[in-house]
Amino acid sequence: MMDSSGAEAEVRLAVGSCLARVAASRHNEETELALGTLRAYLEDGDTAASKKAEFNRAQYTRVLQVLVRTLSSDWFHSLQDDRRKELWDAFFLHGPPDQALLVLLDSVSTISDSSGLEQCVRVLEDFLSSGRVRVLLWAKCEGASRHTDSAQLTETVLGRLAALPALTANRLHTHTPALFLPQQYYPQLACDILATLERICQNLRAGQDCSLGFVAQLLGKVCIQGHGGLVCGTLAPHLSSLSRSDALWQRVSCRLLESVPERWVESVVTGLMHNLHGPSALSRVMGNLVLKNKKVQFVLTHKLLLLQYQHPTQVLRTVLGYLALEEDRRLLLRQVLRSVCEVWCNSSAVRHTPVEQQLYVSKALLLCVSLLNHTDIQEVRGELLQCMLGGVQCRLDSNIERIRRMGMVVGECLSQKLDPSDSQLKFQYEANEESRELLSLMELQSEEEEDEEQQESDATNRPKAWDNGQMLAGQPESSPSITANQTPETGPGSDSELDSDDDLTPYDMSDDQVKQRGTSPRYVRDCLEALMSSNDPERVELSLQVAEELLRKNICATQEVSVKFCKVLLHLEDRYSTAGFYRLRQNAMVALIVIHTQPVVEYLTTEFYSLNYSLRQRLDMLEVLALSAQELSEPVPDKRIGPQSVSPASTLDLCAEVEHWRQVVEKRIQSKTRRISKGASRPPPPTPNRYAPVAGYFFFPLLRNYDRTQTTFDLLGSDHLVLGRLMHTLGLLMHLAINAPVATQMGKALLDFVWAVRFHTDQMVRRGVLFAVCAVFLSMPCENLLMELSDDLLETRVWLADVAENDPDADCRSLAVQSLVLLERNLKTHLQNPTLEA
C-alpha cells in the first residue's frame, strides 16, 4: 500500500509540475521539455509500468484537456508539422484510447470554427485510421476481469463510438471528412470488430480468457441506431466464411450474439438475417440462440412473419430454413406453421390487410410447407387441410383478381403436399411473375446453391481493409516513402575538387529550407484570438490584414462575436508598427457594423461617452460610424446577375478596329435616321436602403450625453476637436438618412443641438455646425423644416447672413451661403405648393 500510494503521489506531483509549465510558460523550449517529460508516461515511454498505470488511471485525461487549451497559444502555432505530431498528436495516439476518444469528441463538439477545431478533427482522423479503435476494443475484451471502469464511463464510450458520425456531422456539417461519414465509418468499425474477434480466438487457442461483453454491446448499440445494414454487411459474410471450417469461430460468433443486451438483440439479428444467405450460414453464426433467448424466438417465429412484411423472400427462406435445420428447432417450425395457417385462412385478415402483407404470409406458408417431412405433415395434416379449404374459399370470394390468383396458387401447392395422388386441386388462372415465384417456393434450395450465393455475397461485401493481412494485426498499411530531396551520390574525383583552395566552390544549399512565414488565420475566432492574446508580431499582423475579409465572408461567425471583436479592435494598439495599422483596423470595424449593425453601433455609441478613452479612440468611433453608414446607404449589387460571358481572346489592335468600325456605322445610322421621340429612358431598378431602418441607432445615442462633463472628457470645453468631428459626423448621418421616415425627428434633434453651440469660438466647431445645418436643409422635408423653424426663422436667416459676411473662416462663410440658398429654396417650394397654402 505504501508503494502504491507513493507512486501515486510521485506521478501526481510530476504531472502537475509539467502541466503548470505547459499552461504558464511562454517559451517554446520550456513547453517542449515539459511535454517530453510527460511523453515518457505513454505507451512507448520508458517509465515503469506501475507509474504508467497510475498516469493512465488518474492523469491522462487531465493532460489531454490541457493540451486542447493550448490550441490557441503562440507555442502551438509556431510548431512545424513534424514537431506537432511528436509533441501534440502523440499524446492522443499513444495513450488509453477510450479517454483520448472522449476528449477529442468533446473538443470537436465545443470548439468554435478555428484552426484548433481543424487540429482536433485531423487527430481524430489519425485516431481512426491508425487502428486505435481496435486497441480500445481489445483493451476492453482482454482486461474485462480487472477493469474498474464505471458503468457510466462504459456507456459513454459506447455511445461515442456508436454515434461518432452523427456527433461530428452535427458540428462540422458539410465540412465533415469522408472518414467520419457512415458509409465509411461503420464498415471500418466492423473490420475493427472482426480484428478484435480474431485476437480473441488466438487468445482462446492459447488458453487465455477473454470477454465479449463490450464488443457485443457496441454491436447492439450501432444496430439499434439504424446502422445495422452497414455493420452487418461487412461483419456477417466474414463470420459465415470463417465459421464454415472453424468450430472456434462458431463458438465465438454464437457467444457474441448471446452477449448482446436483450433490448438490442432484435436489430442485430435482423441485420444478420439480411446479410447471411442460406439457413446453414445463419445456423453457424447464431447457433441455437432462438432456443436460449425468448426475445429472439418471438422475433423469428412471430414478429418477422406475422407483424412485418417488408423483408425480402430470401430472408424468409433463411429464417424458416434455420428453424428446420436442427431437430431441436423443428418444434418451432411446426409452431410457426400453425400460426401462419391461422392467419392465412382468416377471412377478416383477407378483407382488412394489404395485399402485400397477404402475399408475404402466403410465401411464409409455402416455405413452411416445403420444409416439412412426412412425419411433420402427418402431425399437422388437420391444420393444413382446414387452412387450405377456408383460405382458398375466402380468397375466391374476393373481388380482387390478385387475391383470387394468390388463393388458387397456394391451394394447388397445399393440395399437392397433402395428397400427392391424382386427386389434387386444379385451377385455371393466367400465370404471371408473382404466381411463378409462389410456385418456386415449393422447391428446396440445395446446400450447394446456398454456398454459391454466400460466396458471391462475401466477394461483394468484403472490404479492402479486411483483405490485407496487416489489418488483422492492427497494423496500418504502409508504403515505401520516397524523399523529395534525394540527390545522386557524387562521382569519383569530387573530393579533389572540393580540396582545391583556388576554386572557391559555393556551398550546396539544395537541401536548405526557407523558413516558412506564419499562415494567416482562416477563421474569425482564430483571428480574434490572435488579436486579443497573441504576443507574436507576425501573427498579429497577418490577423489584422485578413480581418476584414474574414468578417465579410463568414457572416454567421461574425455575428456571434461582433461586439467582442469590435471591443478588441477599439482597444488594439500598434505595438509592432504594423504597416497601415489604423486603416486595417478601421476597415475591420466598418465590416463589423455592416454585417451586424445594431449591436455594434449600440456598443460604439455607448462607449463614445464612457470614461477612460483617448481622443484618438473617440475620433475613431466617429469615423467608423460615418464610413459604415455611408456603406450601408449605398445600393447593394444585384447578386442575381451572373458573370457575363467571356468572348474569345483577341488582340488589342483587332478589338480596337472592330470597335471603331461599329462606332462609325452607329454614327452614320444616327445621322440619317429621323426620330419623332426617343421616349423616356428606363430608370435604374430600385434597391433597398440598408441604412434607413437603422439610422436612429447611429444618430440619437450620440446626442445623449454631450453636455455631461466627465473626468477624462469635456465635449463642450477643452475637447472641441471631438465636438467639431461629432458635428460633421451627425451632419453626414443626417444627409444619408434623406427620404427616411426618421429624417424629420433627426433634423429636429440636430437643429436643437447645433443651436446651442452656433457661436463657438473654434472654427472647426463652427464648420461642423454649418455642415450639419446644410445637411438638415437638404434632407429634411421642407414643410417639416419650416414648421420647426417657424418661430426662429427670422433669427436663423440673420445668423446665417452674419456668418456669410463676417466670419473669419472662408469655409464657414461658404457653408453659410449654401445654407441660406437652401433655406430660401425650401421656403419658395413651400410657398408655391397649393396644398400647403390651403
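R330 sits in helix α20, which covers residues 327–344; helices here are DSSP runs of H or I with at least four residues, strands are E runs of at least two, and numbering goes from the N terminus. The model is a predicted one, so local features need pLDDT of at least 70 and side-chain atom pairs count only at pLDDT 80 or more, while totals for chains, interfaces and linings use all residues. Residues are numbered from 1 along each chain as its sequence is written, and side-chain values use heavy atoms, with hydrogens and water left out.

With a relative accessible area of 9%, R330 is buried (buried is under 20%, exposed is over 50%, and partly exposed is in between, using a 1.4 Å probe and protein chains only). Leaving aside residues up to four places away in sequence, R330 touches L323, A324, L371, L372, N373 and D376, where a contact means heavy atoms within 4.5 Å. D376 is 46 residues from R330 along the chain, and their C-alpha atoms are 9.0 Å apart.

As for the cysteines, a disulfide is taken as a pair of cysteine sulfur atoms within 2.5 Å, and by this rule the count is zero. C345 is in no disulfide: the nearest cysteine sulfur belongs to C387 and is 5.2 Å away. C345 is partly exposed at 24% relative accessible area, whereas C413 is buried at 2%.

Zooming out, the protein has 46 helices and zero strands. Of its 838 residues, 46% count as buried. Among contacts between residues at least 6 apart in sequence, 75% join residues at least 24 apart.
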